[in-house]
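Open your viewer and get ready to click along.

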Amino acid sequence: MKKVFFVFVFLFAIASIKSAPMGVGFSLGLATPNDQINNVYNSNKINLNNNLWDVAKESAKIGYYLSLNLNLPLSENFNFKGGIALNRFPQSEIKLIFPGEPADTVILKSMQNFVPISAGFDLFLFRSVVSPYISGNLSYFYLVNSIDIVKMNQELPISNSKIESRIGAGIGAGVDFDLEIISLNLEAKYWFVNLIGSGDNEPKKNYLTVGIGIVFGGR
């Protein structure tokens, strides 16, 4: 929590010095582990003949994310960005059925959770109603495995493993659509979770996020 506080205090300190408007953004989308990318993003699924909403819902069973970002313009084409996100990757599912009238079903889900606290930059190729950019950041990751109980379409955590931490990074690209009051954002980013701090024989943990967001201010 101290690192989260430090990132946000740092951003607001820069904003005060620059006297620039800070933007707040929220986004959500798919988070796909490296070994599953070809199963999600392939021509058999991503085409106009398929219902993309159904494809997205199915792909979300592999992983999904929610994020909060702060955007600070440093120049016409340069933004400083910081934020925090929750990435969840379902690992396994067990159904417990209790006989009755009607039968009562409880589902236990094993989840892998990555929580990156990030700071980096967005470099805009040009600014207009449609503004494409490339993005890069360094991240401090919290890693924890959890077991959730699902009943009546509500998920409640019942067990968490020891929290571990790693230092990683993300690189990606996106586009902002300026709608005057707000901006819509589409972004794809590839994340390297354990570049620094991994244990002995620990495999590389990489994943791809693709999502849509809303940005208030910060232009």
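Here is a short tour of this model, stop by stop.

This is a predicted model, where local features need pLDDT of at least 70 and side-chain atom pairs count only at pLDDT 80 or more, while totals for chains, interfaces and linings use all residues. Residues are numbered from 1 along each chain as its sequence is written, and side-chain values use heavy atoms, leaving out hydrogens and water.

**Stop 1: the whole chain.** Show the cartoon and you will find three helices and nine strands. These are DSSP runs numbered from the N terminus: helices are H or I with at least four residues, strands are E with at least two. From the N terminus, the order is α-β-α-α-β-β-β-β-β-β-β-β. Of the 219 residues, 39% are buried (under 20% relative accessible area; exposed is over 50%, partly exposed in between, with a 1.4 Å probe and protein chains only).

**Stop 2: the largest nonpolar core.** Select Ala31, Tyr65, Phe89, Phe114, Phe141, Leu143, Trp191, Val193 and Tyr207. Such a core is a set of buried Ala, Val, Leu, Ile, Met, Phe, Trp, Tyr and Cys residues joined through side-chain atoms within 4.5 Å. Strands S5 (130-151) and S8 (182-196) each give two or more residues to this core.

**Stop 3: Phe192.** Now pick Phe192 in strand S8. Is Phe192 buried or partly exposed? Phe192 is partly exposed, because its relative accessible area is 26%. Leaving aside neighbours within four places in sequence, its contacts (heavy atoms within 4.5 Å) include Phe141, Gly168 and Lys205.
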